[in-house]
Amino acid sequence: LLEQHSSTRIMNVWGAGAKNSVEELKESVNVLVEEYFVEGELKEAVRCVQELDAPHFGHEVVKRLVYRAVEKGGEALRQALTLLKALLACDAFDHHQLTIGMQRSVMGLPDLCLDVPDAPERLRTLADWLAFENLVSPSFEQAVILKAQERQEDGKNAGADKVQTYAKFIVEEFLVCQSGRDAAKSVTDLADSSKHPELVRRILIVALDKSESERTMIADLISSVCVRCAMEPSEVEAGLEALIKQMGDLVIDVPKIVEYVGRFIAHFLEDRTIPESLLASIPNLAGPKLGPELSKAVGEILSLPLPVTQIKRKVKEIIEEFYVSGDLVEAERSLAELNSKRSGHEAVKRTIVLAMEKKNRERERASVLLSAMTRVYGSEQFFEGFTRVIRSLDDLSLDTPNAPALLANFIARAIVDDVLPPNFISFVPDRLVASERGREVAGSVKTLLEQHSS
């Protein structure tokens, strides 16, 4: 059963062309890239990529194309740019795949430098051209510089400039991809957890120059990184405290800093990323002038229905209506109309948590609705929703002692319904799986799938 579902999952995620193995796909990509640089036939190269019929494998096409262009240099860089533009124009893959492919290329720069000493300069050139065409974030050029510096320093001693560059790169990458998984990997790549509070401070400072919706997304970014255990809540708290202390210096350039920081604090409190005890520290941290203003601002924001609170309420209404009517199409439409960047993982989590309190009939309908949610929100939000439930098991078990067993049933059902991969548990942060309740969930999922296959 696991092998069967794994095969089906590959086809659903990567496309029909993915019925071939990953190694076969990679070999096909290598061949078409080599032929493109030899023959220079743009239309033929586009046709070959389209025939792969694996749009979610686009990042591998990007990485191989970029690697080969950097190795060859000169006109090959222009050829790579031309092909990437053509592939995006015909929807062979999307900007998300381009961003992931470029990120992988940047991460592999140290290896490229072994054979091509000026690889950083070549990759910077290509990244600059792509940014000029508005195809990737300008932060990629800085990311290349950063990776080159890491190689020169043997990856040691992450300084302030390095953290600042990482902060900008992580923010721009997230605003483009909206991938908490990629953001968590980028934080892990910093390879120095002592710099995490400074990274949080820098990320929030970058957010101060963004729009309201982007500031909310950036706060979500930090919460998502914590959910994936790439950063500790205490590190977020320390970074936020450092920002509050700096408000007096920043207020000249950011007149609305009290409002902005107040919303950050409220957001992290609602997400349970920081403890409520931080509120008592605000007057001392912000100083005698801004301290009272910030405390008042946070109090006013918390007295209002926060966006996440409104989402939870609306999701609950949609789910309760679905339990009564059984109208899946209407439930999907209502969920899609929530139109919030963070509604996906909240909807998934809320559906599971509410169903734990229901009877089997409602839990069955909840499983049906969960399977439909991947069409509304995509696999990234779906995955994070389940991960957030695992992270909340200790609290959930206080009111629902059998919460781990119930969650295991939802996970196993999602795997059988092919909306989670058979090895989903292996993608959950090790720390969550290693906990007592995490081990209980993992063991129950394994048992349930074995029973289903027998």
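User: Taking a nonpolar core as a set of buried Ala, Val, Leu, Ile, Met, Phe, Trp, Tyr and Cys residues joined through side-chain atoms within 4.5 Å, which residues in the largest one touch the most other members?

Analyst: This is a predicted model, in which local features need pLDDT of at least 70, side-chain atom pairs count only at pLDDT 80 or more, and totals for chains, interfaces and linings use all residues. Residues are numbered from 1 along each chain as its sequence is written, and side-chain values use heavy atoms, with hydrogens and water left out. The largest nonpolar core has 51 residues, and Leu199, Leu240, Ile265 and Leu294 touch the most other members.

User: Which elements give two or more residues to this core?

Analyst: They are helices (DSSP runs of H or I, at least four residues, numbered from the N terminus), namely H10 (160–177), H11 (180–189), H12 (196–207), H13 (212–227), H14 (233–250), H15 (257–270) and H16 (278–303).

User: OK, and what does Leu294 touch?

Analyst: Leaving aside residues up to four places away in sequence, Leu294 has contacts (heavy atoms within 4.5 Å) with Ile244, Met247, Val258, Val261, Gly262, Ile265, Ile282 and Ala286.

User: How far does H15 reach, and what follows?

Analyst: From its first C-alpha to its last, H15 reaches 20 Å, which is close to the 20 Å expected at 1.5 Å a residue, the expected span being 1.5 Å times one less than the number of residues. After H15 comes Arg272, which has a positive phi near 60°.

User: Switching topic, which residues line the second largest cavity?

Analyst: With a cavity being a set of points, on a 1 Å grid over the protein atoms alone, where a 1.4 Å probe fits but cannot get out, and lining residues having an atom within 4 Å of a point, the second largest cavity is lined by Ile390, Ile425, Val428, Leu432, Val433, Gly438, Val441 and Ala442.

User: And which helix gives the most to that lining?

Analyst: H26 gives the most, with 3 residues, while H25 (430–434) and H26 (436–453) each supply at least two residues of the lining of the second largest cavity.

Conventions
Buried means under 20% relative accessible area, exposed over 50%, partly exposed in between (1.4 Å probe, protein chains only). On a 1 Å grid over the protein atoms alone, a cavity is a set of points where a 1.4 Å probe fits but cannot get out, and a pocket is an open set with protein on both sides within 12 Å along at least five of seven lines; lining residues have an atom within 4 Å of a point.
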